[in-house]
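Here are a few friendly notes to read alongside the model. Please keep the structure open as you go through them.

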Amino acid sequence: MEPLPAPRTLKVYQLVKMTTSSGLNFSSTGTIPAGSQGYIGTGFYLTQNEAEQNRTLEVLKDTAGGSKFFVFELEVPNPAYRE
């Protein structure tokens, strides 16, 4: 039996809020999802499903309706990767 090799990069998902009420403003948004397997920072998620669920929650909380929410997939270097 051999261990699985560490991948070169990891995928994380970022939820970004865009508001235009006082100029164009972008900010990370979101909450810690219940039952999350890991917390890596406000607006960052380990799965696309968690990011999409939080986007839905943010849209429902936005009563003014002046914001747009976007999910981005980011590839980041894996610190555990060794050649």
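1. A word on naming before we start: helices and strands are DSSP runs, numbered from the N terminus.

2. The protein chain has a mean pLDDT of 85, with 86% of its residues reaching 70 or more. Among the elements, E4 has the highest mean pLDDT (93) and E2 the lowest (75). Where pLDDT is low, the predicted coordinates should not be read in detail.

3. Read from the N terminus, the order is β-β-β-α-β. Of the contacts with a separation of 6 or more, 62% join residues 24 or more positions apart.

4. Is Leu-24 buried or exposed? Its relative accessible area is 59%, over the 50% cut-off, so Leu-24 counts as exposed. Together with Phe-26, Phe-70 and Phe-72, Leu-24 forms a nonpolar patch on the surface, and the accessible area of these residues together is about 410 Å².

5. Ser-67 lies in strand E4 (residues 67-77). Because its relative accessibility is 15%, under the 20% cut-off, Ser-67 counts as buried. Leaving aside residues up to four places away in sequence, Ser-67 touches Lys-17, Met-18, Thr-19 and Asp-62.

6. Finally, the surface as a whole: the protein chain exposes about 6,100 Å², and carbon and sulfur atoms supply 56% of that area. Of its 83 residues, 25% count as buried.

How values were computed:
Residues numbered from 1 in each chain as written. Predicted model: local features only at pLDDT ≥ 70, side-chain atom pairs only at ≥ 80, totals over all residues. Heavy atoms only, no water. Helix = DSSP H or I, 4+ residues; strand = E, 2+ residues; numbered from the N terminus. Buried < 20%, exposed > 50% of the residue type's maximum accessible area, 1.4 Å probe, protein only. Contact = heavy atoms within 4.5 Å. Patch = residues over 30% accessible without salt bridge, like charges linked within 9 Å, V, L, I, M, F, W, Y side chains within 5 Å. Areas by Shrake-Rupley, 256 points an atom, 1.4 Å probe, with all protein chains shown as cover. Salt bridge = Lys/Arg side-chain N within 4 Å of Asp/Glu carboxyl O. pLDDT = per-residue confidence, 0-100.
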